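Thank you all for coming.

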Amino acid sequence: MNSQSSLANAKLNPHPDRNSLPSHKYFPGWTMIGIAAMAQFLSAPGQSFSIAVFKDPMRTALGLTETQYSLAYGVATIVSACLLPIVGRMLDRWGARIILPSVAAGLAIACFCMSQIHTLTGLYIGFSLVRSLGQGALTLISVWMVGEWFERKRGRATALAGFGSAFSVMTIPFVNSWLITEYGWKTGWMFHSAAVAVCLILPGIFIVRNRPEDMGLYPDGIDPHLEPEPEVDEEGNVKKTKEPLITSTIESWTVRQVLRDPTFWKLLSVITTHALVGTGLIFHQIALLGSHGVSAKWALGMMSVQAICATILMFPAGWVTDRIPSRYILSFGMICLSLANLIALTMPALWMVVIYALLLGTTGSIFRSTATVVWINYYGRMNQGAVRGVAWSMMILASALGPLPVAMSIDFFGSYNPVLYLFTVMPLIAALAVWSAHPPKLYKDQKEISAGSGV
């Protein structure tokens, strides 16, 4: 069944006969989270932390310069960003049940092609494929699935799926290093090809379902009609409850409507600032911290501290996301990013480098949870893939530009201070912007209508 049609039917008939609903003691959404986490884990072939391990052996074997290799990677990143909106629209139309195994098969083929590369042109094509299908499409599919299956627990569910990405960061570089050392870089790419094919194609075909409505269920596995009726005060106003009511998606925004909404651009300012500033800091972290006397070993160790901190705080961040307005959490994340830059700028004591890493890790946990679910929370389910695709394409473009201002600062001014001043101020501006990013009008009307009807 066409995925978009199934959701449209659910909207037209949001109250299916309860007698026709299957009795599920186990909510299948948790299985979907497992597959979503696996998709994030196996997006590694297209992620920077995995490709970085292949850089030196591939560059040497192909006889390429640093500039040639890096330029091919940069172009591939831009291609990935440009294709994401298309992938998002395809997801909304056909759903993950078709798109996930298709993308997985494409990524498996792309990884195998990477093992057969002999020319610079082949590298451009290979990088474009693994970046678009791995880093772009698989990650988008994963969060799309979580957004469809969960509503009340969406923040926590997104955090759980995000553990796949965190575990990938912590393990895949070591796996790649061992494979390359023992068997060569070509075998490393073939290993990724086989892993993606075995772990994602068959589950995508036989297990994945696009939405709970396809199985006669509701998001979170909770029938909203069994929710208690909202209390009404003497003036007829609905009283606030401790837990939010489960609400049906009555109306979703189109991409055209979203692009005309000022709130979208406020939210976008946060994720693009995080992508640009965060990538710039990480890319130059060894040299940047080294300018304050921090050893290369410590600078590399701080990357591990950041990853561990982001992983530990991911679920708490998802839990908070389900209870506190997203705009406040995103503002806090921007303040943490600004403080991290302030420490990198001044470094009053070498031990402060640990605080720097913890602040970046905290910011990372927020952007793997709150910044991931805010799009569907604000703009609805029907077009969530297309909306996220547009937002994430701009985020990826910002991350591609991130290392450039840091390099220009050292080349033109002989110091990192100018760019660190800029990187300190930018998150503060984004924090002020997103603080006023209230849920858009259509969304608020939707919640009021749903609450008023007891849905």
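By a salt bridge I mean a side-chain nitrogen of Lys or Arg lying within 4 Å of a carboxyl oxygen of Asp or Glu. Please keep in mind throughout that what you see is a predicted model.

With that criterion, the structure holds five salt bridges, and I will go through three of them. In one, arginine 211 pairs with glutamate 148, and their closest N and O atoms are 2.6 Å apart. This pair links distant parts of the chain, since arginine 211 sits in the loop between helix 8 (185–206) and helix 9 (255–259), while glutamate 148 belongs to helix 6 (residues 120–149), 63 residues apart. Both arginine 211 and glutamate 148 are buried.

Glutamate 148 also meets the side chain of arginine 381 in a salt bridge, at 2.8 Å from N to O. Because glutamate 148 lies in helix 6 and arginine 381 in the loop between helix 14 (352–379) and helix 15 (384–401), this pair ties together parts that are 233 residues apart in sequence. Here too, both glutamate 148 and arginine 381 are buried.

Aspartate 322 is in the loop between helix 12 (296–321) and helix 13 (326–346), and arginine 156 is in helix 7 (residues 154–183), so the pair ties together parts 166 residues apart in sequence. Both aspartate 322 and arginine 156 are buried.

Let me turn to valine 373, which is found in helix 14 and is buried, with a relative accessible area of 0%. Leaving aside residues up to four places away in sequence, valine 373 touches Arg154, Gly155, Thr158, Thr321 and Arg388. As for arginine 154, valine 373 is 219 residues from it in sequence, yet the two are 7.0 Å apart in space, C-alpha to C-alpha.

Finally, the helix pair. The axes of helix 4 (residues 66–94) and helix 6 come within 7 Å and cross at roughly 40°, and helix 4 and helix 6 are therefore oblique to each other. Their crossing is right-handed, and the residues of the contact between helix 4 and helix 6 divide into 19 nonpolar, eight polar and two charged.

Conventions
Residues numbered from 1 in each chain as written. Predicted model: local features only at pLDDT ≥ 70, side-chain atom pairs only at ≥ 80, totals over all residues. Heavy atoms only, no water. Helix = DSSP H or I, 4+ residues; strand = E, 2+ residues; numbered from the N terminus. Buried < 20%, exposed > 50% of the residue type's maximum accessible area, 1.4 Å probe, protein only. Contact = heavy atoms within 4.5 Å. Axes fitted to C-alpha atoms, helices over the stretch in contact; angles between N-to-C directions. Parallel < 35°, antiparallel > 145°, perpendicular 65-115°, else oblique. Left-handed = near helix turned anticlockwise from the far one by under 90°. Nonpolar A, V, L, I, M, F, W, Y, C, P; charged D, E, K, R; others polar.
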